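The sequence and structure are shown first.

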Amino acid sequence: MPFELRIALRYLTARRKQAFISVISAISMLGVVVGVMALMVALGLMTGLQGEIRSKILGATAHISIFKSGNEPFDHYRDVVASVRTLPHVLGSAPAVYGKALMTSAGGSSVATVKGVVPAEETTVTDIASQIEEGQLQALARADEDALPPVLLGRDLAASLGVGVGDVVSVISPSGRLSPYGMVPTPRKLRVAGTVHSGLFEFDSSWAWVALPVAQRLFTSGDTASLVEVRVDDIYAVRAIAPTIVAALGSGYLTTDWIMTNQSLFSALWLEKFAIGVTIGLIVMVAALNIVATLILLVMEKHKDIAILVSMGASRAAITRIFVLQGTVIGGLGTMTGAGLGWGVCRFLDAYKLIRVPVDVYQISYVPFKLLPLDAATVIIGAVLICFLATIHPARGAARLDPAEALRYE
């Protein structure tokens with residue numbers, strides 16, 4: 001072991017009259033532990049929140065949506081669906097019809113977003129089939145002409161309407177029949193075929209799914225679609241894939257993607273993560289200042305020892321390394337301990353779902369904790385670097401100590 005490291009470790013475990021140095025060193029290490037642990041937990045919280053919301057949104061919506069430009073009717077959507085499926089990086093495509101409608105029942109009423117789908121094709125672009133609690137997605141395709149059309153309701157929407165599987169709801173859409181008094185909405189009856197639980201409050205509380213022909217009768221005139229939805233193999237490459245889709249289809253089409261649609265939400269989450277990281281990261285800076293104070297006190301206490309080492313031939317660089325190593329050991333041990341505790345706290349909070357958040361704000365009821373390796377490595381490296389930089393000033397001060405002056409009154 002180099003003698004600089006040996007002396008640094010001996011100073012950390014001082015006994016008798018110098019025991020307070022060890023106590024101060026332990027307090028400095030504890031500050032680093034708390035700062036690193038808090039920062040790891042905060043990053044795990046925000047990363048888990050972002051990841052959970054992203055997975056829920058992408059499970060309920062498509063990665064890319066194709067529209068007709070100029071608000072033109074999308075009447076040849078079948079050809080577009082078939083053409084898009086042949087393109088590289090495309091996993092599936094499906095038509096959809098969207099519209100707002102008022103849903104009423106004996107138990108209540110609510111405004112809902114109604115989506116018309118083709119069940120066999122919808123499974124290629126969203127995960128709705130796996131999110132159904134009661135009933136099946138294929139029930140929408142097995143509509144009997146003599147029976148009421150089936151509808152799937154979000155779980156919270158069904159609860160607000162006070163209906164369950166088999167009950168009847170009335171749907172009033174903006175489209176209706178023309179009369180001498182203007183456009184008169186026509187109520188239509190639908191039978192509840194199941195409930196959907198996506199995990200996102202927005203979808204569970206206000207979305208309903210029907211077969212595409214039913215939605216066409218509710219919102220459009222004829223065999224048209226609102227858009228064509230697309231799922232790709234890389235969710236982060238949608239900005240590069242979307243132009244290739246438009247180029248393949250020709251002019252007259254526009255696209256939007258999940259990043260553009262949810263940009264404000266994820267920008268707010270990223271800003272929260274950055275602000276929390278900077279704020280809690282200041283704890284590590286405070287702990288580094290404690291290390292500076294510890295080393296300054298140690299230099300004052302050990303000035304005679306430093307003078308003797310210099311008189312025996314120790315170089316100024318060796319004296320500097322002694323105190324740099326001592327501060328770095330304090331910071332390194334504190335950082336690794338804090339990182340381990342932070343990882344353990346994240347695992348514990350994630351396993352027992354202890355952090356609850358308002359579902360109407362964050363769309364989910366609890367926060368999953370996910371600590372990314374890159375975030376953990378950044379925290380560890382940054383904390384050790386800050387602690388190392390904090391040692392430079394007191395270490396250089398120890399190296400500049402004059403041995404003759406230090407030993408004059410000894």
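## Basis of the report

The structure is a predicted model. Residue numbers start from 1 along each chain, following the sequence as written.

Side chains of opposite charge can pair when their charged atoms come close. In this model there are 12 salt bridges. One of them joins Glu4 to Arg321, with 2.9 Å between the closest N and O atoms. Because Glu4 belongs to helix 1 (residues 3-12) and Arg321 to helix 13 (residues 316-352), the pair ties together parts that are 317 residues apart in sequence. The two partners fall into separate accessibility classes: Glu4 counts as buried at 10% relative accessibility, whereas Arg321 is partly exposed, its relative accessible area being 41%.

Another salt bridge is formed by the side chains of Asp223 and Arg78, at 2.6 Å from N to O. Asp223 is in the loop between helix 8 (212-219) and strand 11 (227-232), while Arg78 is in helix 3 (residues 77-85), so this pair links parts lying 145 residues apart in sequence. Asp223 is partly exposed, with a relative accessible area of 34%. Arg78 has a relative accessible area of 51% and is exposed; the cut-off for that class is over 50%.

## A further pair and a network

Lys68 and Glu72 also form a salt bridge, in which the closest N and O atoms are 3.6 Å apart. Glu72, at 44% relative accessibility, counts as partly exposed.

Which residues are linked in a network of salt bridges? The network consists of Lys115, Glu122 and Glu229.

Helix 8 is largely enclosed by the rest of the structure, because six of its eight residues are buried. These buried residues are Leu212, Val214, Ala215, Gln216, Leu218 and Phe219.

What covers the buried residues of helix 8? The covering elements include helix 3 and strand 2 (90-105), together with strand 3 (108-117), strand 6 (168-172), strand 9 (188-196) and strand 10 (207-211). Helix 3 is also the element that holds Arg78, the partner of Asp223.

## Strand 10 and its pairing partners

Strand 10, one of the elements that cover helix 8, is itself mostly covered: five of its five residues are buried. With strand 3 it pairs in the parallel sense, over five bridges. In strand 10, Trp207 is the residue that stands opposite Thr113.

Strand 10 also pairs with strand 5 (residues 150-154), in this case in the antiparallel sense and over two bridges. Leu152 stands opposite Trp209 of strand 10.

Ala193 is located in strand 9 and is buried, with a relative accessible area of 17%. Apart from neighbours within four places in sequence, Ala193 contacts Glu134, Gly135, Gln136, Ala139, Pro150, Val151, Leu152 and Val165. Gly135 is 58 residues away from Ala193 along the chain, yet their C-alpha atoms are separated by 5.9 Å.

Gln131 lies in helix 5 (residues 128-131) and counts as buried at 13% relative accessibility. Its contacts, with neighbours within four places in sequence left aside, are Gly59, Ala60, Thr195, Val196, His197 and Ser198. Thr104, in strand 2, is partly exposed, with a relative accessible area of 23%. Beyond its neighbours within four places in sequence, Thr104 is in contact with Ser109, Val169 and Ser170. Thr104 and Met37 are 67 residues apart in sequence, and their C-alpha atoms are 51 Å apart in space.

Definitions and conventions. Predicted model: local features only at pLDDT ≥ 70, side-chain atom pairs only at ≥ 80, totals over all residues. Heavy atoms only, no water. Salt bridge = Lys/Arg side-chain N within 4 Å of Asp/Glu carboxyl O. Helix = DSSP H or I, 4+ residues; strand = E, 2+ residues; numbered from the N terminus. Buried < 20%, exposed > 50% of the residue type's maximum accessible area, 1.4 Å probe, protein only. Contact = heavy atoms within 4.5 Å. Pairing = 2+ DSSP bridges.
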